[in-house]
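Please keep the sequence and the structure in view while reading.

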Amino acid sequence: MSWILPPSASTFASDIDFLYYVILWITGIAFVIVEVGLVVFIVKYRARPGRKAEYIQGSTKAEVIWTAIPAVTVVVIGLMSGGVWNDVKGRNSVPAGAIPYGVHAQQFEWQISYRGPDGQLGTGDDFTVRNQLHIPVNQPVVMRLTAEDVIHSLFIPAFRVKQDAMPGMTIDVWFEATQVGEFEIACAELCGIGHTTMGATVTVHTADDYQRWLADRVAAADR
Amino acid sequence: MAHPAMMHPPARREIGADVYNEKLGIWIFLGSEVMFFTALIGAYIIVRFGSPEFWALPNQILNVPVTAINTFLLICSSVTMVKAFASIQDGDQKKLQLYMVATVIIGAAFVGVQAYEYTTLVHEGFLPSGYAAGSHLAELAARGELPASVSVYGSSFYTMTGFHGFHVSMGVVCMVFVTWKAFKGKYTKEDHRGVEVIGLYWHFVDLVWIILFTIVYLV
Amino acid sequence: MSEGQSHAHPNYWAVWVYLLVLTVVELGVAFLPWSKQVLLLTLLAMAIWKALLVALFFMHLKWEGNRMRIFAIAPLPLTVIIVLAVLTEYVW
Amino acid sequence: MATTALPLEKTTHATHEMSFVRKYIFSTDHKIIGIQFLLMSFVFLLFGGLMAMMMRWQLGFPDQPLPAGQLLPETMAPGGFLLPEFYNSLVTMHGTIMVFFAIMPLLVGVFGNFLIPLKIGAPDMAFPRLNMASFWIALTAGILIMAGFFVEGGAAGAGWTSYAPLSASPEWTGVVGGQQLWLVSLAVVGLASILGATNYITTVVNLRAPGMTWFRLPLSIWALFVTAILVLLAIPILSGAAIMLFFDQTIGTHFFDPTDGGQPLMWQHLFWYFGHPEVYILILPAMGFVSDIIANASRKPVFGYHSMVYALISIAFLGWIVWGHHMFMSGMNPTLGMAFMMSTMIIAVPSAIKVFNWMGTMWRGNIMFHVPMLHSVAFVSMFVIGGLSGVFMASPPVDIYFHDTYFIVAHLHYVLFGGSLFAIFGAVTFWYPKMFGKLMNPLLGKIHFWLTFVFYNLTFFPMHNLGVGGHMRRIYDPSQYEFLQPLAPLNTFITVSALLLFAAQIPFAVNFIMSWFNGEEAGENPWNDNGLEWIVPSPAPHGNFAEVPIVYRGPYEFSSPLVEEDFLPQTRKLDSDTEPAAASAAE
């Protein structure tokens, strides 16, 4: 029953988490005010014999106050959200120099393509690994997300990454991992019978390890 | 007043839309029809905007002269419909019957022409799923004289015009009923609600066709 | 409608001729060698004009009270909202 | 024009004897049709609930066979273990049935029919036969959708949102006929809803009794009226989209097929352009009933009646321009997403106004805790949770994490179950006397309420925490993922509470049936309410009012200083009242 988000491991995760905690506090306070108010009213104004309720039609002043406060609050939340949204998903948010990967979703697996020795994605020397994403740490990466058949959704909880893969579209998803280790990828959009099993892993290497892994792979592909 | 039940004095009511229930009801129902055609026409606009390469030029596949005649027919049926209504407003039963029959015939002719249009198109190889393999149109496409594929074009063309045609057919069926009642003398100068209600529906169907004709056949 | 009753019937045949003329003009314009945008706008304008004629005269909106007119035009903004919103996918 | 001089309705005061079939089966009486809808939707509520129980069992005890699961055929649950395709069908059908065949008919079909003519002082609906047709069409649609379980390939399995292209081809779902039946059923039930909405709007506009001006309408009628407008304009969008998807499945069109120029995203736009107004269709009437009940139980006028009405209208209007917040992760234009975020945020304001005005209504009242009031207070407090949890998803960056997790499942159940269903239980108890002439047993009612309230919260509140843990929705077996394994005990806990929540509905069912036969006689006005429905005998007779009632005031004149009692019916003429100026259209 915890309200703490799981540990995060990407650059923008802390922004998202911060926004979550801000909203949690604001809504938490609103929740307490309303629920406590309800309980107090229930107890205080319960029916007692010989008493008549007060004939009150309303109060413009009170209504203006409780219209204005929520309005200002949600607009502030909106503006804060807008900034983070633009940084994470805006059309021009992908950092220059991010390493591109092809992520092709299909029932029920993730085909992940890596650049070959020519340093270009989408050329003949690319190699593809099923359900395994290997990336370097502290380096922006961008997934060129496509789908073969139906809509899937690339969900990497630890990086606070989620994006639907839409057939017929190529959608860029970028992030920058800040921790070395292995993390899980899940499919978040119902995609058919095997939806549950559509998991994969992402391995974050140090820069050197990543180069070594890449070299091994390229060598393997050559053979 | 035709029906004895109507001889009762009207109940007192708060002023509503200032029209009788059936008329208000059909207008409200037409509001939902607007939204239904919004879904179909909106989908057409969206798909066409997103995939313009699937569309042929006007008159390349669709037969504009034939549908122009159909447009003419529907406009004519609208004017006969409204003349039928004007006749019964003046209490002229004979002219009501005449114009109703004319409207039914012209409406049925519209459906007939559309059926002819569909059979010709299907025969030439234009299907809801695109070109029929080995058809005349598919050959033209192979020679580069038509778009390589017209799959979504066919899909939205048939769905939109088909549902319009379905509405026309339903209208004709209802109008046959109204005409039958007109011949039995059920409509009078005072009470001709059925004529006005079916008329509103019929003009709406005409109005939709005017929009469809332009965006499907001419643009 | 009470107004429509007290006056003579509108000249429906004139509206009919108007609609036919517009249709013929449309057919002529559609095959002119104009740019696609100009054609689109011209044809749409004419179609909307024809639709308005039908609504105002044949459907008697011209003589209806304001309450009825509200019912008639209420759904129209909604038809525009969805189409414009989805088209932004291609514009931005 | 001469036609306006016509009588507004044929006489419905006919007291001649009718056969049982005409009176109770193919009835055109709005009250009987309302009760028919009530019985139909309770049956579907039970079906939907059973489906939820099966899903919960799978999630809570994935390695144990479903109790009595052996009764299910091999194609669903061999040996009592659910198959993933059957689980997908359950997810889909639970959502669809609850939305279209339980909550929507309960709110709109039952109370729209039952309350509108009674509360505005009309003898019946504007179009009684159309009303009868809409019930039978809805029932047909219900049978069609349930038929999905009995055809080859099972019932629809693409989720209640039925996203294309998954739903567009049996190749992707493995479902053959079920998906088509689902679409046909939705188009058919859509027709029933549109006919019903046409009827409601016409009735409210044209058949109000003299003196029942717009701002004397009870909030329940305002809510039903606004809802009917939403139904009228939203449902046809779904019908259109469903027809296109149906053609994609059957005659090979390509609307949603990206390989042939179609656009899967367009399905989502069309679906949610219908779907978000639909969400408000499922809550606005509940807000209306609760307003009536809270005012009645607090013995006080509704606080800020006018702003309650304007809040209803603005929620309904804003509901048309927020649909994109369901699609933040869909690859939709992110700039468009920002616009949708702002409109979504704004919608919190009228919702807040409503909550505070309900509290304002209770403030300085003299609150009676009859069963409808318990449910109404529960509605307010649960709706607050549901509304506040919505703010998380309305913020697109936070939605990146929460989209399609159990957080959204918790949110929607807080609004639909904690909101709508509590209001429905309250409203059924409140208007039961007018339907059947008997009171429901208050003790059983209280037992049902408290059990439901407790187990409801134990079931759905922890789902927020599942969502915070990243638990995806619609997955068949969470143990597949390492990061979800710590959540397994929570899942089991939720399942146990869900089963108890299901069992807690038994007192209600018993109460509903028992009271029908030997409940306490209710009398005309058991709750001392002001509405027009309480001046006629219980159960309300055919034709409702012996003579056209005349309305002198609004519906919430409780504890008025003008009279000794703490209520003042809308039709009671005081010396200071003048006859309403309004008259029939004939004058």
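How many salt bridges are counted between domain 1 of chain A and domain 2 of chain A? The count is one salt bridge. The partners are A:Asp17 and A:Arg160, whose side chains meet at 2.7 Å, N to O.

## Model and confidence

This is a predicted model. The predictor gives the complex an ipTM of 0.93 and a pTM of 0.94.

Chain B has a mean pLDDT of 90. In chain B, 95% of the residues reach 70 or more. Residues 1-9 of chain B stay under 50. For that stretch of chain B, the model has 12 contacts beyond four places in sequence.

Chain C averages 86 in pLDDT, and 90% of its residues score at least 70. Within chain C, confidence is highest in helix α2 (residues 12-30), at a mean of 93. Confidence in chain C is lowest in helix α1 (residues 2-6), at 43. The pLDDT is below 50 over residues 1-6 of chain C. Beyond near neighbours in sequence, residues 1-6 of chain C have 13 contacts in the model.

## The two domains of chain A

Domain 1 of chain A covers 13-89, and domain 2 of chain A covers 99-222. Their centres, taken over C-alpha atoms, are separated by 41 Å. Six residues of domain 1 of chain A are in contact with five residues of domain 2 of chain A. The two domains bury about 430 Å² between them. Carbon and sulfur atoms account for 39% of that area.

Polar contact joins four residue pairs between domain 1 of chain A and domain 2 of chain A, both residues of each pair being at pLDDT 80 or more. On the side of domain 1 of chain A that touches domain 2 of chain A, the elements giving two or more residues are α1 (13-44) and α2 (60-89) of chain A. By class, that side of domain 1 has three nonpolar, no polar and three charged residues.

## Chain D against chain A

Which chains share the most contacts, of the five pairs of chains in contact? Chains A and D do. Chain D brings 99 residues to the contact, and chain A brings 83 residues. The buried area is about 7800 Å². Of this area, carbon and sulfur atoms give 71%.

One salt bridge is counted between chain D and chain A. D:Arg364 and A:Glu54 form the salt bridge, with the closest N and O atoms 3.2 Å apart. The rule also finds 29 residue pairs in polar contact across the interface of chain D and chain A, with both residues at pLDDT 80 or more. Several helices of chain D each supply at least two residues to the side that touches chain A, among them α3 (84-120), α8 (264-281), α11 (334-362), α12 (371-394) and α15 (442-468). α11(D) gives the most, with 15 residues. The side of chain D that touches chain A has 60 nonpolar, 24 polar and 15 charged residues.

## Chain B against chain C

Here 50 residues come from chain B and 40 residues from chain C. Together the two chains bury about 3900 Å². Carbon and sulfur atoms hold 81% of that area.

The count between chain B and chain C is one salt bridge. B:Lys23 pairs with C:Glu64, the closest N and O atoms being 2.7 Å apart. Six residue pairs across the interface of chain B and chain C are in polar contact, both residues at pLDDT 80 or more. On the side of chain B that touches chain C, α1 (21-50), α2 (64-89) and α6 (193-218) of chain B each supply at least two residues. The largest share comes from α1(B), with 15 residues. By class, this side of chain B has 32 nonpolar, 11 polar and seven charged residues.

Chain C is divided into domain 1 (8-59) and domain 2 (65-92). The C-alpha centres of these two domains of chain C lie 21 Å apart.

How far apart are the closest C-alpha atoms of chain A and chain B? They lie 11 Å apart, and no contact joins chain A and chain B.

Definitions and conventions
Residues numbered from 1 in each chain as written. Chains lettered and ligands numbered in written order. Heavy atoms only, no water. Contact = heavy atoms within 4.5 Å. Buried area = accessible area lost by both parts, 1.4 Å probe. Salt bridge = Lys/Arg side-chain N within 4 Å of Asp/Glu carboxyl O. Polar contact = N/O pair within 3.5 Å; in protein donor to acceptor, adjacent residues only side chain to side chain. Helix = DSSP H or I, 4+ residues; strand = E, 2+ residues; numbered from the N terminus. Nonpolar A, V, L, I, M, F, W, Y, C, P; charged D, E, K, R; others polar. pLDDT = per-residue confidence, 0-100. Domains from an automatic or database assignment.
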